[in-house]
Structures are given as C-alpha cells and as structure tokens.
Amino acid sequence: MILIEWLQFILGVSFLLAGLGVFTVQVFGVFKFDYVLNRMHAAAMGDTLGIGISLVGLIILSGWNFASLKMALIIVFLWNASPVSSHLIARLEATTNPHLERCCEMEEGITEHLWDEDQREIIYADRDKTDRDKAREES
C-alpha cells in the first residue's frame, strides 16, 4: 500500500513540474515575441496546456474524490473557454489592424474578407491623413 502512495506522489509531482515547465515556456514566449497575435498564441496555448497538466497532477495527488471531480470540470471549462476567447481576441486584432500585412504572413486577398467597405474607407482615410501629416513635418 505504501508503494502505491509513493507512486501516486511521484506521478502527481511530475505532472505539477511538467505544468510548471509549460508555464515557464509560456512566460518566455510572451516576452520574446513582438507581435500581439504571437504573444497571445503563446499565452493561450500555455494556459490551456499548463493548467490542464497541473490540475491533472493535483487530481492524482488528492485521489479520487469530489474535489478531483471539480478539478476535472475546471479542466473541461478551461479547454473550452480559453481557445474561444483567444479566437475572439485574434479576430478583433485582425479586423481592427489595418497594417496587419506588415506583421504577419497572409494569403493573397485575405484582407478583403476581414473588413467591410465602410471600415476600410475609414481606416485608409485615417492612414492617409497621418501620412500627409508626416510628409508635412518632413518638409
């Protein structure tokens, strides 16, 4: 019986350490990348994987009880909520950033699908105004 408890402890701690390792890589990715979509991707993937692995370790350490059921439900909720929220944030960035081509590789013609005609006119009018202001400052 003591062998099973030691195996449970070693397995739970190794899952917790693996989760800590994923969080460390996540933090490195968030600070290393320059563009917001790259940082967001690193954070979202790290959160989903790191929290999942850490909670599995806590489930193993606590044994099979009601608390482990709650932690399993937290894993399910986070695996559903984190990708959805990340997708919405990325979609917002893609639709509001008129200079997306400078930061990301994009397929030909994809920007026409991101903005409707009214938004494109407003964004490009603002960009043309700032370009004219810069040209005035330089001359």
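At 12% relative accessibility, Q26 counts as buried, because buried means under 20% relative accessible area, with a 1.4 Å probe and protein chains only. This is a predicted model, in which local features need pLDDT of at least 70 and side-chain atom pairs count only at pLDDT 80 or more, while totals for chains, interfaces and linings use all residues. Residues are numbered from 1 along each chain as its sequence is written, and side-chain values use heavy atoms, with hydrogens and water left out.

**Exercise 1.** Determine whether the span of helix α1 agrees with its number of residues.

*Solution.* Helices are DSSP runs (H or I, at least four residues), numbered from the N terminus. Helix α1 covers residues 2-32, which is 31 residues. The expected span is 1.5 Å times one less than the number of residues, so α1 should span 45 Å. The end C-alpha atoms of α1 are 45 Å apart, which agrees.

**Exercise 2.** Describe the surroundings of Q26.

*Solution.* Q26 is found in helix α1. Contact means heavy atoms within 4.5 Å; not counting residues up to four places away in sequence, Q26 touches A42, A43, G46 and D47. The side chains of Q26 and D47 are also joined by a polar contact of 3.2 Å.

**Exercise 3.** Classify the arrangement of α1 and α2.

*Solution.* The buried residues of α1 pack against α2 (36-62). The two helices pack at an angle of about 170°, with their axes 8 Å apart. Angles over 145 degrees count as roughly antiparallel; α1 and α2 are therefore roughly antiparallel to each other.

Terms used: Buried means under 20% relative accessible area, exposed over 50%, partly exposed in between (1.4 Å probe, protein chains only). A polar contact is a pair of N or O atoms within 3.5 Å; within protein, one must be able to donate a hydrogen and the other to accept it, and residues adjacent in sequence count only if both atoms are side-chain atoms. Axes are lines fitted to C-alpha atoms, for helices over the stretch in contact, and angles run from 0 to 180 degrees between N-to-C directions. Angles under 35 degrees count as roughly parallel, over 145 as roughly antiparallel, 65 to 115 as roughly perpendicular and the rest as oblique.
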